Amino acid sequence: MQNRLELVRPALSSSQKSELEDTIKTGGFYKLRVLGGQGDHPLHVSIPARCLVAPGNKETFVAVTSYTGDLIGISYDMSQMQCDPLKRLSGTNEVTLAENALVTVTQAAAAPPVVKEAPTPEVKRTAPKAAVGSAQRRKDGDKEGEEGGEAAPPPDERTWLQRNWIYLIPMMFMLLNGLDISELAEARIHAIGMNGADRWTDLRKLLTRPGKVTGPGFEPDPALLEFLQEDARVLCVGAGGLGCELLKDLALQGFGNIDVIDMDTIDVSNLNRQFLFRMKDVGKSKAEVAAERIMKRVQGVTVTPHHCRIEEKPMEFYEQFHILVLGLDSLEARRYMNQVACSFLEYDDEGNPDMSTIKPMVDGGTEGLKGHARVILPGVTPCFECTLWLFPPQTKFPLCTLAETPRSPAHCIEYAHLIQWQQERSGDEFDTDNEEHMRWVYDKALQRSEHFGIQGVTWQLTGGVVKNIIPAIASTNAIIAAACALETLKLITMCSTGINNYMMYVGADGVYTHTVAYERDPACTVCSSSVPFEIASTSTLQQVMDALMADKTLGANLAAPSISHGSENLYMRGVLEEATRDNLSKSIGELVEDGGIIQVNDKKLVSTMRVKLKYSDLAAMQQ
Amino acid sequence: MKASAKKYDRQLRIWGAHGQTALEAARVCVLGSTCTATETLKNLVLGGIASFTVIDDAKVQSSDLGNNFLLEAAALGQNRAAAVTELLLELNENVAGSYVEESPPHLLASNPRFFADFQLILATQMTESIHIKLDQVCRELQIPLLCIRSYGLVGYLRASLPEHTVIESKPESTLEDLRFNKLWPKLKEYAESIDLEDIDDVTHRHVPYGVLLMKAVQQWQKEHGSTLPATAKEKAAFRAMLKSWQRSVDGIPVEAENFGEAVSNAHKLFYPPSIPPEVKQILEDERTSLTSTSSDFWVLAAALKQFVYEDNSGDLPLEGSIPDMTSTTDMYLQLQRLYREQADLDISGVETHVHVLLKSIGRNPASIPRSTVSAFVKNARNLRVVRYRTLEEELQAETVRSSALRQALAAEDTTANASLYLLLRAVDRFQGTYHRFPGTFDGELEEDVALLKATVASVTSDSGVGTAAVSDDLIEEMVRFGASELHVIGAIMGGIAAQEIIKFITRQFVPVGGTLIYNAMASTTSVLRI
């Protein structure tokens with residue numbers, strides 16, 4: 001495991017802050033002073049400046065150490081640059097960092113005006129902490145600064161489950177299917193006869209031979225292949241660039257039953273990478289054509305297509321699969337599937353996830369020459385919502401710029417698209433797939449740009465701006481999809497060690513990959529055991545409901561919530577409304593104990609939201 | 001072109017029409033026809049190369065049907081190169097394909113001139129000794145070679161050619177080239193023509209931040225001499241001065257967006273970009289001393305060098321584009337025009353040197369068109385040169401870079417992948433000795449582990465890394481793999497190889513400059529500079 005070293009930087013004065021901002025913007029370095037456990041000689045290291053300007057911000061990186069404990073480099077989570085070896089500025093043996101310690105520097109929230117040499121964070125604590133636990137503590141505002149710094153061997157503070165989940169997945173599949181491995185072995189003879197004796201020669205070596213670099217619970221057995229062929233159920237979400245590759249990869253990894261869901265039809269611009277489609281298929285359902293092509297090519301595999309929106313399927317549909325593999329290109333669709341996967345998750349009374357309710361999910365994404373592959377085990381590894389920050393916000397132009405002071409070709413295109421269309425064709429609904437509509441926007445944008453003397457409005461750029469097109473090529477999709485398919489195989493058979501839990505690939509400057517274990521957000525509204533919510537115990541249930549709906553995060557998916565506590569209905573919509581209405585005027589403290597969890601249901605939510613109530617007035621009294 | 005513009009839309013946004021033109025002229029030769037070869041070809045055919053040729057004499061076996069998507073069951077027993085060629089051609093009607101029913105080593109020995117007809121040679125699933133022979137042939141013919149392998153859960157990729165030069169390396173982020181403290185006369189004149197005291201409120205809120213910074217630095221230098229704000233205190237004072245220029249309504253200062261941008265972009269003034277180290281190296285390269293055989297790239301580099309050090313006081317030519325700034329349309333376009341005009345002058349400056357240099361080496365001064373000079377100059381910050389050792393140098397005992405290998409074996413993040421590199425060499429040596437790869441047969445696993453251990457010891461000793469330990473776990477893992485070729489590993493290596501080939505052909509982006517090892521167990525890659 002990776003050890004954690006936590007540092008807290010004193011709050012910066014405004015001039016230090018702007019200094020640091022400059023350093024960051026210009027890709028410069030700032031100095032980190034690490035006070036060692038041995039003696040008081042500080043170790044200075046130079047770190048490429050990345051963030052950490054606003055109070056409360058965290059900067060996380062891996063301090064790469066040699067086997068003797070010397071710091072030899074810094075490696076960032078999302079770094080596109082490889083770390084350069086760092087010079088140690090003085091003496092030897094000042095500090096023994098834990099092996100490849102994960103370091104978090106936190107910008108202090110308060111502003112004690114202690115003037116130190118410009119941005120130099122100070123080590124306040126070197127006792128390494130387990131990733132999950134420490135994240136929780138930071139959130140709670142625990143002062144890291146008050147503990148002494150000793151480099152004691154780190155206790156593994158992860159729960160038993162967090163350490164051992166990987167052992168449980170294959171076991172889980174066996175249980176789910178009520179199958180006994182010896183039964184499978186018998187079924188095998190039949191299967192081999194059907195498939196030809198050595199079609200799976202290569203795959204079989206991996207599944208039937210013992211190894212030491214495997215998932216911890218790996219049991220080599222011919223039955224594993226039979227399990228893949230006969231019993232494993234996998235859903236491929238998307239039949240586009242990644243989806244086509246995933247279907248091919250899964251089929252050639254021995255998966256015998258694959259479902260694929262996609263609402264799209266085939267477009268000409270898909271053909272440079274979606275290799276299952278031909279010119280003559282344009283206009284047909286992606287899921288259906290893809291399924292047909294895979295079955296024609298790989299004998300014995302059954303691919304079941306679903307040509308519809310993911311939201312159209314009931315939860316029972318998703319529940320039947322052992323694993324969900326995502327080949328999507330939109331954030332919205334990923335968030336939806338994430339909610340689906342997390343909706344099956346149940347926690348016990350201690351807040352530990354029930355292993356049998358975990359629906360594993362593998363997700364891939366690409367853009368140009370780069371991409372990512374990740375494994376999501378709801379309740380164990382971060383879900384999509386926990387790491388939403390990985391997705392940068394889209395650029396939007398202010399309307400007044402578009403209307404009054406356009407400066408770039410994109411401004412002209414967006415004016416034609418967002419403003420002129422409304423003014424001149426208000427009856428028509430704009431459709432990005434309608435060539436005439438696109439042509440109209442392009443012509444208007446071109447006219448506008450000529451009027452202002454702005455260069456660069458092209459047909460290609462018009463499409464890019466209006467449709468927010470992500471450039472995509474076959475090779476990157478092939479790499480990412482294959483990485484995802486391999487992780488799917490590993491999760492089900494444990495035939496090799498798995499990604500924990502995110503891998504990025506960058507192919508523009510050489511080949512650079514980075515694999516990193518992101519952390520769960522303990523207050524995640526989608527996958528956490530409960531979301532903390534603070535309110536006075538004297539508030540009425542109505543007030544609690546209003547406050548929940550007004551909350552920026554929690555309220556986003558609430559329209560008409562119903563609330564229950566354990567098995568007791570506190571306030572229900574519909575037929576029970578009348579029976580529970582009286583509770584609305586009761587104080588919440590009467591209905592639910594401090595720290596109690598209420599379940600909130602709403603038609604806008606995919607699954608129940610669990611909210612843990614903390615009474616602010618009681619906390620104040622205790623202090 | 002219109003239909004293919006539509007079909008290729010998503011990739012034209014990456015490498016442009018000129019990249020696509022290069023791709024559509026490329027003829028690629030592929031040795032081998034297993035899934036590692038076909039997965040590479042699939043990506044290239046989809047992208048629209050001119051043609052491919054597959055060399056292989058093997059027949060389709062049932063194990064091929066378990067890992068190769070470009071084969072149908074009906075092809076069992078037929079020539080594999082022929083079968084995959086037929087299915088590859090279905091992927092893109094604009095691509096031509098052919099095959100040669102001959103074993104790659106045999107063709108290499110009998111007719112090396114065969115390879116002269118291609119833009120690039122891709123060797124798949126070949127062993128070390130064939131790589132070395134192929135490298136000699138390709139170097140002679142001056143054709144780039146790419147070698148890839150999928151071996152169990154391990155991948156290998158290595159390019160070999162003397163030198164690859166890149167003008168459009170397309171870095172993910174670049175520092176803007178704005179020169180706020182080095183105004184040329186026309187820009188200075190323009191900045192001075194805007195009198196902040198004398199304009200109406202609306203215009204005042206729309207003066208581009210670039211102009212505000214130019215005015216601020218002039219004001220600063222009037223008060224502090226010709227230096228830039230250097231200390232944190234000075235920078236804060238500089239920003240405060242900028243803020244104080246904002247107008248007030250009823251005595252209350254109004255925060256204006258353009259001034260906000262000026263304050264938050266002041267670092268572009270404080271830290272103007274210098275010549276990147278890679279570019280400096282190119283300017284200092286001995287190839288900038290031209291001969292009659294110098295390539296256009298080096299003629300341009302030599303001209304750039306003269307321009308930078310003789311005409312431009314050590315600065316690279318102006319890049320010429322500016323970022324968006326809150327501004328009126330007119331003021332922004334005027335500023336944009338001034339930058340473009342100056343960049344054009346710099347292009348002409350370099351072009352003058354190009355003409356003289358071309359003449360001096362006996363070439364037609366017009367043989368490098370202005371459009372090429374322009375592209376080179378605009379990318380002056382992004383120029384890259386990648387050089388490769390021959391495979392023989394990498395592999396022979398007397399020329400192996402033992403110290404780099406030792407370092408890779410010792411550094412924690414590369415230990416496993418450097419070991420896998422040695423193991424790949426060891427399995428080839430094993431195959432040379434025992435005529436099978438370790439772990440080929442289920443019944444000989446333990447025996448092969450022992451034999452492979454001994455082979456690894458001889459490889460490490462020949463590589464000059466002494467008794468460096470390769471972990472037993474990895475040795476056992478290599479035997480477990482038994483030279484299996486898994487579809488997904490073929491797909492990953494084929495994807496990476498296709499990206500690399502596209503980089504070589506389009507001369508865009510930067511290819512891997514060493515030996516790449518892909519470790520599918522840990523999902524990591526390492527590029528070894530050995």
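1. Two residues count as in contact here if their C-beta atoms, placed from the backbone, lie within 7 Å. Keep in mind that this is a predicted model. On that criterion, the contact between the chains takes 73 residues from chain A and 77 residues from chain B.

2. Now for who does the touching on the chain A side. Elements that each supply at least two residues there include α1 (14–25), α5 (201–208), α7 (241–251) and α14 (459–467), along with α15 (474–493) and the strand β15 (512–516). The largest share, nine residues, comes from α15(A). By type, that side of chain A splits into 30 nonpolar, 28 polar and 15 charged residues.

3. Chain A itself is divided into four pieces: domain 1 (4–146), domain 2 (230–391 + 477–516), domain 3 (399–467) and domain 4 (531–622). Between domain 2 of chain A and domain 3 of chain A, the C-alpha centres are 35 Å apart.

4. Over on chain B, an unreviewed UniProt entry annotates residues 8–525 as "domain: THIF-type NAD/FAD binding fold". That span is 51% helix and 10% strand, and its end C-alpha atoms sit 30 Å apart.

5. Have a look at α10 (residues 209–224) of chain B. This helix has 16 residues and reaches 22 Å from first C-alpha to last, close to the 22 Å expected at 1.5 Å a residue. Its buried residues include the run Y209(B), G210(B), V211(B), L212(B) and L213(B), and also W220(B). The buried residues of α10(B) pack against α8 (185–193), α11 (232–244), α12 (257–264), α13 (267–270) and α16 (329–360) of chain B. Just after α10(B), G225(B) takes a positive phi of about 80°.

Technical notes
Residues numbered from 1 in each chain as written. Chains lettered and ligands numbered in written order. Predicted model: local features only at pLDDT ≥ 70, side-chain atom pairs only at ≥ 80, totals over all residues. UniProt positions renumbered as here; feature names shortened; annotations may be inferred. Helix = DSSP H or I, 4+ residues; strand = E, 2+ residues; numbered from the N terminus. Domains from an automatic or database assignment. Nonpolar A, V, L, I, M, F, W, Y, C, P; charged D, E, K, R; others polar. Expected span 1.5 Å × (residues − 1). Buried ≥ 20, exposed ≤ 12 C-beta atoms within 10 Å, placed from the backbone.
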